[in-house]
Amino acid sequence: MTFTVEPLSPDLAFGKTIRGLTSEHIRDPEVCNQLRRHWVEDGMVVFRDGEINEDFHLALSRIFGPLEAHPIPELLTEGKPELITLYSTPEDTTVLEVDGEVGGGYLGWHKDLVYVEQINHGGVLRALKASKIGGRTSFIDQIDAYDRLPEDLKQQIEGLHVVYRLGSFDDMKYMTRSKFRVIETAASAQSVIDSVAKNFPPVSHPLVFVQPETGRKVLNLSPFFAMYIEELGLEGGHELLTRLAHHVLDCPAYQHAWTTDEMILWDNWRMLHSVSPAPANQERVMQRTTIKGDYGVGRKLPFPVAA
Ligand SMILES: O=C(O)CCC(=O)C(=O)O
Ligand SMILES: [Fe+2]
């Protein structure tokens with residue numbers, strides 16, 4: 001049996017769907033080259049109707065680079081340092097109201113690891129337990145977002161940097177286009193936030209990044225975790241950052257409602273993603289690999305001096 005490749009959606013400038021991929025296919029180096037080309041050219045791939053198990057998840061991920069342990073120890077999966085497990089259970093989930101919808105497991109629009117200097121090159125995500133309602137993972141292409149910027153903004157942001165920090169939802173000013181309100185913070189999320197605040201200094205990343213393989217420009221903004229524009233100070237860049245975040249969040253998005261026989265690969269140097277809320281009484285369990293890579297342009301800043 002062969003596998004098939006088709007566009008993710010006729011309306012989107014990014015993404016492919018690959019059906020029927022198995023471990024036998026990925027033993028062929030030519031198939032691995034083809035998959036790497038899709039990753040670079042298309043930004044993300046949804047794998048459907050193929051092999052699905054932990055070994056295949058890991059083997060598929062390794063095609064795109066060595067895997068690394070996530071720097072937040074609380075997320076690691078016991079005995080399997082290459083996998084993080086993201087749980088949202090009725091007993092332990094951060095509950096928010098987003099645009100009138102109340103639910104758990106919400107994550108604003110982000111790039112993974114943008115709160116450290118080395119942003120991983122990608123990840124492969126798998127649903128071990130999909131929520132029946134909500135819990136969709138959505139993606140936006142930041143090459144497309146850059147191309148859609150008005151010329152004046154393209155010129156204005158060249159050479160600027162954004163400072164990022166992992167903090168609580170209440171500190172996040174740019175992560176969503178909609179209104180949100182935190183109703184309850186999960187104990188596990190609070191302990192991650194507390195330990196990160198102590199151990200991770202703020203970092204800065206350029207607003208424009210050039211995809212190394214193709215020379216295409218990426219609007220390198222992660223609205224979630226963004227604090228301020230480095231060159232414009234704590235307040236001076238607020239208007240510009242708001243305008244850029246609104247621009248990127250208005251770009252075409254792909255929204256994925258999960259079943260447990262699918263996996264999604266993305267290029268984390270290029271794609272933003274977010275998770276929609278699910279009713280707080282539902283359980284959702286996801287596992288993800290972290291594909292190593294250093295894009296070489298992140299910079300640690302000193303911890304802020306306490307007032
Ligand atoms: O739970 C999800 O759908 C995605 C979570 C996430 O942001 C990630 O795996 O990087
Ligand atoms: Fe993520």
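A polar side-chain atom of Arg 284 is placed 2.7 Å from an oxygen atom of ligand 1, a polar contact being a pair of N or O atoms within 3.5 Å, where within protein one must be able to donate a hydrogen and the other to accept it, and residues adjacent in sequence count only if both atoms are side-chain atoms. The model is predicted, so that local features need pLDDT of at least 70 and side-chain atom pairs count only at pLDDT 80 or more, while totals for chains, interfaces and linings use all residues. Residues are numbered from 1 along each chain as its sequence is written, chains are lettered from A and ligands numbered from 1 in the order in which they are written, and side-chain values use heavy atoms, with hydrogens and water left out.

Two further side chains make contacts of this kind with the ligand. An N or O atom in the side chain of Arg 288 lies 2.7 Å from an oxygen atom of ligand 1, and for His 110 the corresponding distance to a ligand oxygen atom is 3.0 Å. Taken alone, ligand 1 exposes 290 Å², of which the protein buries 96%; accessible areas come from the Shrake-Rupley method with a 1.4 Å probe, and for residues only the protein chains shown count as cover.

Strand S8 (107-110), strand S19 (271-275) and strand S20 (284-289) are the elements that give two or more residues to the shell around the ligand. Helices (H or I, at least four residues) and strands (E, at least two) are DSSP runs, numbered from the N terminus. The largest share of the shell, 3 residues, is supplied by S20.

The surroundings of ligand 1 consist of Leu 86, Leu 107, His 110, Asp 112, Leu 125, Thr 137, Trp 266, His 273, Val 275, Arg 284, Met 286 and Arg 288, a residue being near a molecule or strand if one of its heavy atoms lies within 4 Å of it. By class, the shell divides into 6 nonpolar, 3 polar and 3 charged residues. Here Ala, Val, Leu, Ile, Met, Phe, Trp, Tyr, Cys and Pro count as nonpolar, Asp, Glu, Lys and Arg as charged, and the others, Gly among them, as polar.

Several loop residues were also examined. Ser 222 belongs to the loop between strand S15 (217-219) and strand S16 (226-229). Ser 222 counts as buried because its relative accessibility is 0%, where buried means under 20% relative accessible area, exposed over 50%, and partly exposed in between (1.4 Å probe, protein chains only). The side chain of Ser 222 reaches the backbone oxygen of Phe 224 at 2.8 Å and the backbone nitrogen of Lys 111 at 3.1 Å.

The loop between S15 and S16 also contains Phe 225, which is buried with a relative accessible area of 6%. The phi angle of Phe 225 is near 85°, a positive value in a residue other than glycine. Most residues other than glycine have a negative phi. A positive phi, near 60°, is likewise found at Leu 113, in the loop between S8 and strand S9 (122-129). At 2% relative accessibility, Leu 113 counts as buried.

Separations between C-alpha atoms relate further positions. Leu 219, in strand S15, is buried with a relative accessible area of 0%; its C-alpha atom is separated by 15 Å from that of Ala 13, 206 residues apart along the chain. Gly 65 lies in the loop between helix H2 (54-62) and strand S4 (76-77) and counts as buried at 14% relative accessibility. Gly 65 and Gly 122 are 8.9 Å apart in space, C-alpha to C-alpha, and 57 residues apart in sequence.

Gly 15 is placed in the loop between strand S1 (4-7) and strand S2 (16-19) and is buried, with a relative accessible area of 5%. Arg 299 lies in strand S21 (residues 299-300) and counts as partly exposed at 36% relative accessibility. The C-alpha atoms of Arg 299 and Arg 288 are separated by 25 Å, the two residues being 11 residues apart along the chain.
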